[in-house]
Amino acid sequence: MKTSVFLSILISFLFLQGCPPTRTVNEKWTSSVTENYEAYCAGCHGKNREQFVNRTWLWGESREEVFASIKYGDDDDGMPGYDTTFTDVEIYELVDFVLSAQTIKMSDIGRKKPQNKGITSDDLDFRLDTLVTGLVNPWGLEFLPNGDMLISELSGILYRLSEGKLSKIKGVPAVRYRNQGGLSDLKLHPNYAENGWLYISFSKPNPADAGEATTAVIRAKLSENQLTDIEEIFVAKPYVTTTRHYGTRMEFDREGYLYITVGDRGMRDELPQSLDNHCGKIHRIYDDGRIPKDNPFANNPEAMPSIWSYGHRNPQGMALHPSTGDLWTHEHGPRGGDEINRIEKGLNYGWPIISYGINYSGTRFTDITEKEGMEQPVLYWVPSIAPCGMDFVRDEKYGAWQGDILSGSLRFEYLNRCVMEGNRVVREEKLLEGIGRVRVIKSAPDGFIYVGVETPGAVYRIVPK
Ligand code: HEC
């Protein structure tokens, strides 16, 4: 929610209405507020208010901020505004009704980080080292050969972490920082030591209309703390006004092709099943942006030649399997139906024709979960965990974890471990519950696993005992 909107509500409130009505938590709720919640809100947020409100708030958790969220909503995010449905007093009743179910303050969780001892999993004892705190939303992590770490902040800042100190890198392209858009993933070229190429994905504002943006990738070299030799190598078409589902993860395969995920940009019925645009797809390009001739649709004049697979919703995790070299991703479902997929050339992963999810409003948009010619996920999550960040455990120092998939849960704020046998998930385990919204996970060249968490933003290292 924009600060200006928020301030104007606050001011108009104080002038027109005096102070907002207050209520104590134990007071009995009038039947009207209960009915309003059930009739207008439960369809999307669920009947269980506790599950809804024990969350990291996107738009703030104070009474005034929650009031603004309900009154004005956010079209892009799918939250309707209720300014014409309810009076301000009714909205405040809803605010208090909703907040009274809160048993955990997220601002406390920020302080209640997992202790640096005694953390266990089914198969491994480990501790958590804190490398940096005080960030907001660290989205991408990379590791330079000299041991420095690069951290991208969604807001558009690129940091270098060197011997415990953060410094800013200059020359970062302008990003459209709104909702899910901003500075996103980071990836070093497999031959970085020789050629020095760093790849950066971001939401690029349309040069012809700043109200629109798209997923784009540049590569650049790093000279001290300055980006130089910037080359734009990928720009997804079309630019649109929505501010969600950018995808933006990047990965190189063993032959040096670069893969880029692009989400459906919130236009599920127009974009992901049609090959004439880049959205809801995974792309495969050469390291300099040229299109390989053996891409599956390279000879189809109707199709975007960079497409490698399609029918995706919003893939925000991608990693190469350590032994097979296959490309694995996960993606957000709508309400339920998040998926892990093994990506193969030219295949259709089905969104939105088949899905295990339902609409946020509770209605179903498809009755089918399977269809000829469309791929089944390796695994799906109902309810949604909202997966972000993904890597395989690569180093033997992690013992029984080796070869397993780690992915973050934005929604439930833990690290998810998929215990793997070949290409199958045989078991799952929740690690670091309450750590915060996990954004990024990387197995680094030093063999350790690094985890970036948002609001308050921090980067941790998992150290086995
Ligand atoms: C059509 C579905 C839908 C309905 C109906 C709906 N919401 Fe939402 N609401 C959302 C979505 C989607 C978001 C975005 C954040 C998220 O994904 O949880 C949201 C966000 C919010 C937020 C802000 C959360 C944050 O993290 O800052 C509040 C508060 C909220 N809704 C309250 C309500 C209340 C109260 C009602 C009923 C009057 C209601 N909503 C009805 C879908 C809905």
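Buried here means under 20% relative accessible area, with exposed set at over 50% and partly exposed in between (1.4 Å probe, protein chains only). This is a predicted model, so to speak for its confidence: local features need pLDDT of at least 70, side-chain atom pairs count only at pLDDT 80 or more, and totals for chains, interfaces and linings use all residues. Residues are numbered from 1 along each chain as its sequence is written, and side-chain values use heavy atoms, with hydrogens and water left out.

**Overall**
- The protein has seven helices and 25 strands, taken as DSSP runs (H or I, at least four residues; E, at least two) numbered from the N terminus.
- Of its 465 residues, 55% count as buried.

**Asn-206**
- Asn-206 sits in strand E8 (residues 198–206) and is buried, because its relative accessible area is 12%.
- Its side chain gets to the backbone nitrogen of Ala-208 at 2.9 Å, a polar contact being a pair of N or O atoms within 3.5 Å; within protein, one must be able to donate a hydrogen and the other to accept it, and residues adjacent in sequence count only if both atoms are side-chain atoms.
- Setting aside neighbours within four places in sequence, Asn-206 touches Glu-212, Ala-213 and Tyr-239 (contact: heavy atoms within 4.5 Å).

**H4 against H5**
- Helices H4 (residues 63–72) and H5 (residues 88–99) pack at about 120°, axes 9 Å apart; axes are lines fitted to C-alpha atoms over the stretch in contact, and angles run from 0 to 180 degrees between N-to-C directions.
- H4 and H5 are therefore oblique to each other, as angles under 35 degrees count as roughly parallel, over 145 as roughly antiparallel, 65 to 115 as roughly perpendicular and the rest as oblique.
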